[in-house]
Amino acid sequence: MILQVSNLFSRVDFFIPRCDAAGMKIGDVISRARRAAGLKQKELAASAGVHVQTLKRLEGGSGAGYSTVRSLEKALGKAGATWTETEGGYELHVVLKSKK
């Protein structure tokens, strides 16, 4: 997926289609949301209060507990990235930060 954003925009919404019949794993969505928000794994892990190795494993395809995923989701929301699961995939919404 290629996305170009002008400096005029303060928010961008895009669609992530499901990869296969079983659906995209939550680690894939968190990884894409983290990168779209401009965060490094270490930054997101610290903000969410989880170990960076836990985040790396989750983004790599391993599972994680509900509380871990919820903490990451909240931290991403504070960074401006949220998502909604739809029938065909995920809608990722990112509020862009202005560069100073």
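I count a salt bridge when a side-chain nitrogen of Lys or Arg is within 4 Å of a carboxyl oxygen of Asp or Glu. Glu-59 lies in helix α3 and Arg-34 in helix α1, so the pair ties together parts that are 25 residues apart in sequence. Helices (H or I, at least four residues) and strands (E, at least two) are DSSP runs numbered from the N terminus. Both Glu-59 and Arg-34 are buried, where buried means under 20% relative accessible area, exposed over 50%, and partly exposed in between (1.4 Å probe, protein chains only).

I note that the model is predicted: local features need pLDDT of at least 70, side-chain atom pairs count only at pLDDT 80 or more, and totals for chains, interfaces and linings use all residues. Residues are numbered from 1 along each chain as its sequence is written, and side-chain values use heavy atoms, without hydrogens and water.

I searched the whole structure and found two salt bridges. Glu-73 and Arg-70 form one of them, at 3.1 Å from N to O. Glu-73 is partly exposed at 29% relative accessible area, and Arg-70 is partly exposed at 31%.

I then turned to Ile-30. Leaving aside neighbours within four places in sequence, Ile-30 is in contact (heavy atoms within 4.5 Å) with Leu-44, Leu-55, Leu-58, Glu-59, Val-69, Leu-72, Leu-76 and Trp-83.
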